[in-house]
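Subject: Structure handover and findings

Hello,

I am passing a structure on to you, together with notes on what was found in it. Please look through the structure before reading on.

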Amino acid sequence: MPHAHVSRPSDWVEDTTIVSYLRQTCAVAEADIRKLVHDPVELLTRMVQPVLWLLIFGQVFNRTRAIPTGGISYLAFMSPGILAQSVLFGAIFYGISLIWERDLGIVQKFLASPAPRSALVLGRAISSTVRGLCQMAFVYLIAFLIHVQLRFEPFALAGVVMAVVFGSAIFSTFSLIIACVVKSRERFMGIGQVLTMPLFFASNAIYPLILMPAWLRVVSRFNPLTYQVDALRDLMVVGGGSSISLSLDFLVMGAAFAILVAIATRLYPTIVT
């Protein structure tokens with residue numbers, strides 16, 4: 001008679017720990033998503049910016065043909081960059097909610113729970129991706145209406161979703177780190193304003209890397225937004241292509257996210273001190 005497999009106690013502990021960790025992470029994410037559902041005004045206001053960039057800036061530069069775009073129209077070239085910009089601008093101010101929740105005593109309750117600090121950070125990163133995916137749908141709609149040739153193959157769409165998720169998670173986690181360091185809404189807003197434009201312009205969002213001076217090209221290689229835009233341009237637009245490497249793009253974004261989560265996990269408890 002064959003012996004039934006008997007799970008070792010260590011297996012049960014490991015499974016329970018993993019399931020518990022995922023449950024705690026999802027609970028934090030769900031709490032943040034509920035706030036967005038109940039008050040979507042911020043999300044709606046964020047949608048104005050890509051419209052202005054694509055319909056005004058993009059239309060003008062599309063006519064000048066002053067920027068080499070590798071055989072595609074300038075509107076097609078910049079559409080992935082504007083999607084990445086929307087994700088960046090939406091995520092970089094995400095940390096201010098942490099300061100608000102600290103002032104309301106909510107963060108203290110989370111820290112008093114048995115949930116690992118990394119689960120608190122990952123839960124917030126996951127919730128921020130909802131904003132990014134909403135921005136993705138909106139930018140796709142605008143790009144389609146202005147006749148940008150978009151890729152709709154399942155693999156390409158899955159890749160765009162993954163790139164948007166990584167971008168949202170990276171910059172929202174970076175925003176949490178800033179919030180833990182400055183601990184003040186006024187300081188946070190000032191630093192957030194200072195960081196967004198350099199991150200945007202020190203990337204390939206609206207012009208190719210070859211047009212940058214040598215020093216800025218070096219800086220752009222340390223900017224996660226560069227790799228997100230490169231991946232989006234390859235996967236989102238017909239004929240877009242990658243100037244770096246699709247596998248390297250996702251490798252760098254994954255590594256950046258892992259490093260930022262480790263830093264945010266260490267700094268998270270200091271928000272209340």
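This is a predicted model: local features need pLDDT of at least 70, side-chain atom pairs count only at pLDDT 80 or more; totals for chains, interfaces and linings use all residues.

Residues are numbered from 1 along each chain as its sequence is written, and side-chain values use heavy atoms, with hydrogens and water left out.

Whole chain

The protein chain has 12 helices and 0 strands. Here helices (H or I, at least four residues) and strands (E, at least two) are DSSP runs, numbered from the N terminus. The radius of gyration of the chain is 21 Å, close to the 19 Å that the globule rule gives for 273 residues, so the chain is as compact as a globular protein of that length. That radius is taken over C-alpha atoms, and the rule is 2.2 Å times the number of residues to the power 0.38. Along its principal axes, the C-alpha trace spans about 70 × 60 × 40 Å.

Of the 273 residues in the chain, 48% are buried. Buried means under 20% relative accessible area, exposed means over 50%, and partly exposed is in between (1.4 Å probe, protein chains only). The accessible surface of the chain comes to about 13600 Å², and 71% of it belongs to carbon and sulfur atoms. Accessible areas come from the Shrake-Rupley method with a 1.4 Å probe; for residues, only the protein chains shown count as cover. Among contacts (heavy atoms within 4.5 Å) between residues at least 6 apart in sequence, 77% join residues at least 24 apart.

Cavity and pocket

Both terms rest on a 1 Å grid over the protein atoms alone: a cavity is a set of points where a 1.4 Å probe fits but cannot get out, and a pocket is an open set with protein on both sides within 12 Å along at least five of seven lines. Lining residues have an atom within 4 Å of a point. Grid points are joined across faces, edges and corners, and a volume is the space filled by probe spheres set on the points.

The structure holds 1 cavity of 30 Å³ or more. The largest cavity has a volume of about 90 Å³ and is lined by 12 residues, of which Gly-90, Ala-91, Arg-131, Gly-132 and Gln-135 lie nearest its centre. Helix 2 (41-46), helix 4 (74-92) and helix 7 (117-145) are the elements that give two or more residues to this lining. By class, the lining has 3 nonpolar, 6 polar and 3 charged residues. Ala, Val, Leu, Ile, Met, Phe, Trp, Tyr, Cys and Pro count as nonpolar, Asp, Glu, Lys and Arg as charged, and the others, Gly among them, as polar.

The second largest pocket has a volume of about 250 Å³. Its lining has 15 residues, and Phe-77, Pro-208, Leu-209, Arg-233 and Ser-243 lie nearest the centre. That lining divides into 5 nonpolar, 6 polar and 4 charged residues.

Single residues

Gln-135, one of the residues nearest the cavity centre, is found in helix 7 and is buried, with a relative accessible area of 3%. Not counting residues up to four places away in sequence, Gln-135 touches Arg-46, Met-47, Leu-83 and Ser-86. Gln-135 and Met-47 are 88 residues apart along the chain, yet their C-alpha atoms are separated by 6.9 Å.

Leu-54, in helix 3, is buried at 0% relative accessibility. Leaving aside neighbours within four places in sequence, its contacts include Leu-75, Met-78, Ile-82 and Val-139. Leu-54 and Ala-143 are 89 residues apart in sequence and 7.9 Å apart in space, C-alpha to C-alpha.

Thr-69 lies in the loop between helix 3 (48-64) and helix 4. Thr-69 is buried, with a relative accessible area of 14%, and beyond its neighbours within four places in sequence it is in contact with Tyr-74 and Phe-77.

Two loop residues have positive phi values. His-147, in the loop between helix 7 and helix 8 (154-182), has phi near 70° although it is not glycine; His-147 is exposed, with a relative accessible area of 70%. Lys-183, in the loop between helix 8 and helix 9 (185-201), has a positive phi of about 60° and counts as partly exposed at 26% relative accessibility.

Regards
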